[in-house]
Amino acid sequence: MDTLFDFVTYTKGIEYLIAVAFLVMFIPFWFLATSTRAPQPERAAAAETVGRLEDMVGGFLVPDSVYFHPGHAWARVDDHEPDLVTVGIDDFGQKLVGNIEGIQLPDIGAEVVQGARAWNLRLDGESIGMLSPVDGEVVAVNPDLTLEPEKINRDPFGSGWLLKVRPTRKSANIKGLLSGNFAKRWIDEATSRLMENSEYATGPVLTDAGPSRQGMARTIDAENWDRIVRDFFLVTE
Amino acid sequence: MKINRRGLIKSVFAAGGSAALARPGKAAAGVEHFTGNPDRYGCLTDLTRCVGCRSCEAACNEANGLPKPEVPFDDDSVFEHERRTSEKAYTVVNRYDNVRTDAKPVFRKIQCNHCNEPSCASACLVNAYTKTPEGAVLWNKDLCLGCRMCMLACPFYIPTFEYDKPVPKIQKCNMCHDRTSQGKMPACVEACPMEAIAFGKRSELIKLARERIEKEPDRYIDHIYGEHEVGGTSWMYISGVPFERVGFDEHLGVVPFPQYTRGFLSAVPLVLVIWPALLGGFYLFSERREELDDREKSGKPGERA
Amino acid sequence: MNMEGILRDIACGILVLLALLAFAFIVYQGGAAAQEGDASAEAALTGPEIAVIGSLSNLYEPVTFSHRYHTTMAGECAGCHHHSDPGVYMKCGDCHGAPFDPQNMNMPGLKGAYHLQCMNCHKEMAAGPVGCTECHAKKPGKE
Amino acid sequence: MSEIAKDQGAVGDWISEKIFMGMSLSAYFRKLITPFNVIALLILAVGIPLIVQRYIHGLGYVTHGSQNQPFSLFLGWGLFTGVPLAATGFIMASAVYLFGMKEYKSLVRPAVLTGFVGYFFAVTFLLIDLGRPWRLPYPMVHSFGPGSVLFLVAWHVALYLSVQFLEFSPAILEWLEAKRIRKWALAITIGATIFGVILSTLHQSALGALFLLAPGKLHPLWYSPYIPVLFFVSAIYAGLSMVIIESTLVYRFMKDKVDPKNFKTIDDLTIGLGKAASLVLITYFCLKLIGVAHGNHWHLLNSSWGFWFLLEIFGFVLVPCFFFIAGVRKRNVALVKFTAFIAVFGIVFNRIMVSLVASSWSLQHAEFLHGKELLVVVTVVTVEILAYRWIVNRMPVHREHPAFPGGGH
């Protein structure tokens, strides 16, 4: 290449080839880079619900990052929303009641008190209340639940979250909640208590892939399953 | 161990500086210098010898089979107005008043200067111009689209276009490339009685021109037009009269024309490579923000079961 | 710009000019006829009376060159038969051949030599034919 | 409804519905007799023969054919002015899809259509102007000159024409009611938009870079190494102004083809576009000054060429800039629309000046307007307007197709 013209023609040709190759490569790279971000919430939550082995207690998921209220509601502080608490039903509770047909959530701005009724589950014509794990003001409810209540069953700790509360007495509330090993032992006792008042083992109830459609309570006692549920949810009616 | 900013900068320069001093020769090698084919041919027109007989026009017309002109070649009336080359005449001779002694007018022959770094070649999008190793710049009729970008790019206004033809060609002097490749001289050089046009290796012609200027300093302007203009041309000129008084453009500079677009062309791949990620980033940013807005909005009194 | 060189050139130029003017006047009076007969005064200047230069003839007819007339007018031979030992008068074609010999670029080819030599002298003397067809007619049919 | 027609194999029905907008043949043609169409027909009657003869007798038949001035109005108007005015596509597509200004969504399709038609007819002008138009694909398939700026322009105009066709294809597919293909067409929107912006950035600036090779020929006031940047920045406000103009004309002359709910938002959108254009205009004004400073050509300002240059940067850049600002602050939509016309005229002025007038400043005698050239340009522009109108009449550009709510794209 002894002339500038040849040199420019050659170098520009190579630069174009590199640029075109890059553009062609960029498309798959884009999907590679961006696709991992979008479905992340589900996958992470799914990972939690399916549960790493050490989180499973007797077939129920008990993730470490969550605080449990004895009425089978859970509360969790997410790192991307440090001043809010996400609230939902735990794995044992949703398996107990089976597929939830509908849910009545408190209004935004409403006050919830730890241990007081905060929302009602609607299933099989019955309306069963549940207690709030924390005190505070409701700032958000899960929009998907009106159309897809089954999300609660499918992913109780992830996309099946119920509300977001701005806690007023966070540290005090935590004292009243169980987590880590305490929670695991509590779930273990709950499982054995459930087995006591059922004539046959809860085995079959748990062996099928996901929570059975009816839920453990109805499988155990078709008529007064609601009494069993209310007993576990520590609610009176 | 706190490195304050000044300490850091000093150390960086020290490192940088030493590298540059250590081997200055190395850095200088980075400068691009293109010589082209050293044995390429060229022509040297000596304006002091040209008598305006226009034998060169006649010879060029015949050698290239161009149509006969309206005004015959020995009719001096054509000198009344300044002519330019056309699609029917690859070379023309113009007459100028002699500013030094009004005894003898000065004649100037125009034709393609066969630049070392042709601007027409750099402008052509289908690479229809090639600077041959022998020196001539040739146009390729099998590639040309007729976009006429070469006509804008040529600082000497040389390439001409056949406006009156449905299948037009670009017409210009090709330094009789077929004749020279058979060892003959270009037709105009051979026809010139006064040997006003010398033909030979460009390097030889530069020496010849310098010899003539040194031998007769009063006869010539001490400047070889084309030695450096637009990066050097194969067709050069020596004259007894200042060049701009004989229709030459003295403001073309010495930068080879392909250099003018090189800056832009090197920015092109940068855009090609940076924009995807940049615009992709904007898209992700606006998607994310929209997602947050949705989540915020939906948090409001959502319709309950 | 050496002043003495220019003065000396101008001086000898004027002298030559005067001599030639006088000579041309004589020739003009005498007309062509005188040219033939007056060989004796220039006994030393021999060479052909008329030389036909046509070796390169292509578009133009050969040139009938009035050699004797020029020798009597120039008064010496070295003007044309330059670069050669005294007394040795070669034909132009013996030295001048094809132009642009890379070893000796400055030596004109034969055609160039003819035109450069003849026309420059005519121009300097401001006499003698300068136009193409004034020396040699166009061959018919060669446009 | 269309399925049933197709089942009965009545291709006639399909044509009458798609091509003649549901009218019978005679009704359609009777409706065609309007003053505008008559004038258009007259122009075509004069212009088309001229174009035919251009191909028979060579380019010299319709242009001044000067060897010193290679470019005619076909390139001056068709390419150098047509392409920046067709920058509407990449401006609106990037605004809505990349920068998330969803409120401008109703203007995306018209902008992409304006761009597509603009580029299509820029190529038409090229086919008229090229010496051997049948060799147009040569730089793409036959022989490459990567060292040439025009090589980049050729590739990019060709690619961008196809990208814009893809971007506009959902509207066509909705018109043809081809649901499956439409889904694919929508899927590539973001990719097409990003690629479109890359292509536009490069060839809008490359059109200016063409003149870098003519330092002696283009007047120093207009010539500077910044030409590519100047051409690109001015193309942005050209695109914005053209979106305003396009929507003004269509909302005025083709009301029935516009979705009623768009009428409520168009004024705010126009104000928004005007605000954006004013920002670009003031930037462009300063860049022009930097261009003059770069070559230190201040003294050239008080010459006849200097006068034209000052007229351009004050009359056609600064004035529209402040008119836009005034229009935006007082929410005077009429003023913004009027200013858009000035800004676009400024673009035409600048591009014609650079490509034709100021690039012949060093010639003793330069030839400019050639009657036949102007006639052919008017003819092709008329065809362009007719084509644009034909599409807007039939395809869901300013309105949503009933079968495809939300328009998708």
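Me: How many bridges join strand 5 of chain A to strand 11 of chain A?
Reply: This is a predicted model, where local features need pLDDT of at least 70, side-chain atom pairs count only at pLDDT 80 or more, and totals for chains, interfaces and linings use all residues. Residues are numbered from 1 along each chain as its sequence is written, while chains are lettered from A and ligands numbered from 1 in the order in which they are written. Strands (E, at least two residues) and helices (H or I, at least four) are DSSP runs, numbered from the N terminus. Strand 5 (residues 85-89) and strand 11 of chain A run antiparallel, and the bridges joining them number three.

Me: Which residue in strand 11 of chain A is the bridge partner of Val85(A)?
Reply: Strand 10 (residues 136-141) of chain A also runs antiparallel to strand 11, with five bridges. From there, Val138(A) stands opposite a residue in strand 11. Val85(A) is bridged to that residue too: Val165(A).

Me: Is strand 11 of chain A mostly covered or mostly open?
Reply: A residue is buried if 20 or more other C-beta atoms, placed from the backbone, lie within 10 Å of its own; 12 or fewer means exposed, and in between is partly exposed. Strand 11 spans residues 163-167, and four of its five residues are buried. The strand is mostly covered.

Me: Which strands stand at the edges of the sheet in chain A?
Reply: Strands pair if DSSP finds at least two bridges between them. Six strands form an open, antiparallel sheet in the order 3-4-5-11-10-7. Each edge strand has a single partner, so one side is left without a neighbour in the sheet: these are strand 3 (67-69) and strand 7 (111-112).

Me: What percentage of the residues in chain B is buried?
Reply: Chain B has nine helices and nine strands. Its residues number 305. The buried part is 45%.
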